[in-house]
Amino acid sequence: MSNLENTILVDLARKLFRGCTNFHIEPDSVKLMTWSWQELFVDLTLRSPVIKKYPISTELSRIFLKKLINCIEPVQEVHDNLYAELCRAMNNSAIEDYCYRHYVISNDLNNIITMKETKNMVVNGTTGMRTWEAALMLSDWILCNKELFSSKDVLELGSGIGFTGITLAKFCEPKSVTMTDCHEDVLQVLCENVDINFPSQCKNRSSDGTTYELDNTSFVPRRHPRC
Ligand SMILES: C[S@@+](CC[C@H](N)C(=O)[O-])C[C@H]1O[C@@H](n2cnc3c(N)ncnc32)[C@H](O)[C@@H]1O
């Protein structure tokens, strides 16, 4: 696969993983989406082990696949697996309270942070049940300045379901990360997201939070009272 074909594949995969349906494909790029490219795309995304275990929203994958197929169809034959995945998404149209989004770090499809979250801005009186654009931008900045966090005790206020703190704990080698939120439902999903992204870590529960021991990092989602 050429560098350009690979770049197009990773870029589209990142958008699908994140549930982003707003993409544009240049006509020249569509020519590179050959039968084998399409097969690889489906294998690396919708049929990958991580998506099988933590499925993305069927509604968003349906919109994404329809748009992708519409782009490919006039130029070349569409792979059966793309149609099969579209049919699966269309048949499985139950209303989803939660889905999983997968955030690709440093354009590496093997380097993914998986988040259980909702598509809604506000759920049960809180804005904390989804990953906000601000969390993505802050995390990008953190990843560009890892040395500032190395061996530090880091406290995050209003961490929501945890994307920023999880990214920091995973990639910046801090001494500890304490993530706080005031909403019980948010804290519960935050703990689930820590479990997903650090599956084999030791966990201790206490009345004011859950502590995870991550190699050299201690990691604490904690209740923080509303002011
Ligand atoms: C807009 S969300 C942002 C979540 C996350 N930081 C992000 O960017 O994806 C704001 C979060 O702050 C939490 N929050 C608001 N006021 C708070 C307070 N006084 N103490 C702790 N958490 C608070 C909310 O429960 C919510 O989860």
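Before anything else, a word on burial: a residue is called buried under 20% relative accessible area, exposed over 50% and partly exposed in between, with a 1.4 Å probe and protein chains only. The structure is a predicted model, in which local features need pLDDT of at least 70, side-chain atom pairs count only at pLDDT 80 or more, and totals for chains, interfaces and linings use all residues. Residues are numbered from 1 along each chain as its sequence is written, and side-chain values use heavy atoms, with hydrogens and water left out.

Let me start with the chain as a whole. Its secondary structure amounts to nine helices and seven strands, where helices (H or I, at least four residues) and strands (E, at least two) are DSSP runs numbered from the N terminus. For 227 residues a compact globule would have a radius of gyration near 17 Å, and the 19 Å of this chain agrees with that; the radius is taken over C-alpha atoms, and the globule rule is 2.2 Å times the number of residues to the power 0.38. Taken along the principal axes, the box that the C-alpha atoms fill is roughly 60 × 40 × 30 Å.

Of the 227 residues, 48% are buried. Contact here means heavy atoms within 4.5 Å, and among contacts with a separation of 6 or more, 64% join residues 24 or more positions apart. The chain exposes about 12,000 Å², with 51% supplied by carbon and sulfur atoms; these areas come from the Shrake-Rupley method with a 1.4 Å probe, and for residues only the protein chains shown count as cover.

Now to a residue in the interior. T114 sits in strand β2, which covers residues 108-117, and T114 counts as buried because its relative accessible area is 4%. Which side chain makes a polar contact with the side chain of T114? The partner is H102, at 2.9 Å, a polar contact being a pair of N or O atoms within 3.5 Å where, within protein, one must be able to donate a hydrogen and the other to accept it, and where residues adjacent in sequence count only if both atoms are side-chain atoms. Leaving aside neighbours within four places in sequence, T114 is in contact with V50, Y54, Y100, R101, H102, N193, I196 and N197.

S106 is not a glycine, yet its phi is positive, at about 55°, and S106 counts as exposed because its relative accessible area is 65%. N107 has its place in that loop between β1 and β2 as well; its phi, near 55°, is also a positive value in a residue other than glycine, while its 47% relative accessibility makes N107 partly exposed.

Two further helices deserve a moment. In α8 (residues 163-171), eight of the nine residues are buried, so the helix is mostly covered; among those buried are F163, I166, L168 and F171. After α8 comes E173, with a positive phi near 50°.

Finally, D185 lies in helix α9 (residues 184-197) and, with a relative accessible area of 26%, is partly exposed. Not counting residues up to four places away in sequence, D185 touches N124 and M129. Where is D185 relative to E5? The two are 180 residues apart in sequence and, C-alpha to C-alpha, 42 Å apart in space.
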